[in-house]
Amino acid sequence: MIQTEEPTNTTRAIGARLSLLSVSSNRINGLIPTFLCNYLVESATLDMSSNALTSAIPDCLCKVSQLNLSSNQLQGQIPNGFNNIHLLDLHSNILIGTIPKSIASNNTSLKALNLGNNKLEDAFSGWLGQLSKLEVLVLRSNHLYGHIFVFAYSLQAFPALKIFDISNNHFSGTLQHELFEGLNAMMHNGSEDRYVDENVFSTRFDGTNVSSYSLQGEIEQTIKGNDRPITSITGPMNIVDMSNNNFIGEIPEEIGRLKYLRGLNVSNYHLNGLIPNSFGNLLQLEWLDLSLNQLSGPIPEELADLTFLSVLNLSYNDLQGRIPQENQFSTFGLYSFEGNPNLCGPQIEKTCSTGGDDDKGAINKREDEIQDWKYGSFGIGFAVGLMIITLPLVFVESVANWFWDETDKMIEFIWMQIGPSKFGKHSNS
């Protein structure tokens, strides 16, 4: 158990200050001692993640620039004094209340915010969109609610965002077009994208430079109803996970402009309409999950052009017609298409009707449906609730491992850029 009072048998050196303190992944329990604040400079990094700390977060810790208290048993509300924070990771605790606006007020340096797996109750924090350097935003698995919006005056909300995870909440309404129009980092392959080859989400030091310091934590991806870690892939990451909410309406065409998107999960909603043809522009896409919705019409042939696509889940919708056979589409199995009784193709061992008239009919049907959607007609949806109950829990381990590693690499790179230096090799004890 950590001592909560400053030791009386030692004398604090006059002017002694810490720029980095890491005690992650130990067996520390009890309260966070407030006397630590006497030693930490305002630009300090504090990592006490993966312990058994309890009670509330001391207000005095708001002065540090990088704070990682994830994977503990902390309770209470998030302090309202953060105004110079660069990285804040509080995921996997028992925190309640709202997301304090002080995180964004007078703060232009926040790069990573992970509040996932808590018990926060709040509307969507659209004001976070004004943070021009925010690259990682994880709000998954809380009790957040309401519509997703960005401020009307901002057409460039979340311009640097590369990981956007709001899954497993109670958000509702339609998917706002404006949200995706501002995701510039997912539209352009900027020079700021880096590659990090080490295993991440652990505290490491390389010589005298903190070149591979990363947040200790967990960021999950939901695939077919299962939350799993991700641990293996290289390259720049651009990931959107909005699954397991209460969204309605159509999938915005604007998502097709995110041409450097690597992973997209908008499953388990009440979305209807067609799969946008613009998805054919997502040439970097490696996994796509649109399952458990009410999507209708044929599968766009343009999806066969996504040659990096390794995992596809279109199950339990109301899709019709011939499944594309070109490129890697011929390798996808039954799990990618099950629950769509009007689909046909060798992937589901169901023969399609032959003849050119049938192919022309499918094309004409799609064109007719597109016109119908323009005038507000809604497609016929499956009884999604029943499907959720009966859906087998299928987990694609390779993609889960990929997402974990991609997310971890992003946060490690951020730590590498702004972390302090002159510390030796860290080892857990």
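**Exercise 1.** Which cysteine does a disulfide join to Cys 344?

Solution. The model is predicted.
- Start at Cys 344. A disulfide joins this residue to Cys 352, with an S to S distance of 2.0 Å.
- The cut-off for a disulfide is 2.5 Å between the sulfur atoms, so the pair qualifies.
- Now take the torsion. It is 110° about the S-S bond, and the link of Cys 344 and Cys 352 is right-handed.
- Cys 344 has 11% relative accessibility and therefore counts as buried.

**Exercise 2.** Describe the disulfide of Cys 37 and Cys 60.

Solution. 
- The sulfur atoms of Cys 37 and Cys 60 are 1.9 Å apart.
- Cys 37 sits in the loop between β2 (29-30) and β3, and Cys 60 in the loop between β4 (52-53) and β5 (66-68).
- Compare the covering. Cys 37 is buried because its relative accessibility is 9%. Cys 60, at 28%, is partly exposed.

**Exercise 3.** Work out how the bonded cysteines pair, and find a cysteine in no disulfide.

Solution. 
- The structure holds 2 disulfides.
- Number the bonded cysteines in sequence order. The pairing reads 1-2, 3-4.
- Cys 62 is in no disulfide. Its nearest cysteine sulfur belongs to Cys 60, 8.2 Å away.
- Cys 62 counts as buried because its relative accessibility is 5%.

**Exercise 4.** Is Thr 45 buried or exposed?

Solution. 
- Locate the residue. Thr 45 belongs to strand β3 (residues 40-47).
- Its relative accessibility is 0%, so Thr 45 counts as buried.
- Look for a partner. The side chains of Thr 45 and Gln 66 are joined by a polar contact of 2.9 Å.

**Exercise 5.** Which residues does Glu 302 touch, not counting those up to four places away in sequence?

Solution. 
- Glu 302 lies in the loop between β19 (294-297) and β20 (311-313).
- With that exclusion, Glu 302 touches Asn 277 and Gly 280.
- Glu 302 has 32% relative accessibility and so counts as partly exposed.

Definitions and conventions: Residues numbered from 1 in each chain as written. Predicted model: local features only at pLDDT ≥ 70, side-chain atom pairs only at ≥ 80, totals over all residues. Heavy atoms only, no water. Helix = DSSP H or I, 4+ residues; strand = E, 2+ residues; numbered from the N terminus. Buried < 20%, exposed > 50% of the residue type's maximum accessible area, 1.4 Å probe, protein only. Contact = heavy atoms within 4.5 Å. Polar contact = N/O pair within 3.5 Å; in protein donor to acceptor, adjacent residues only side chain to side chain.
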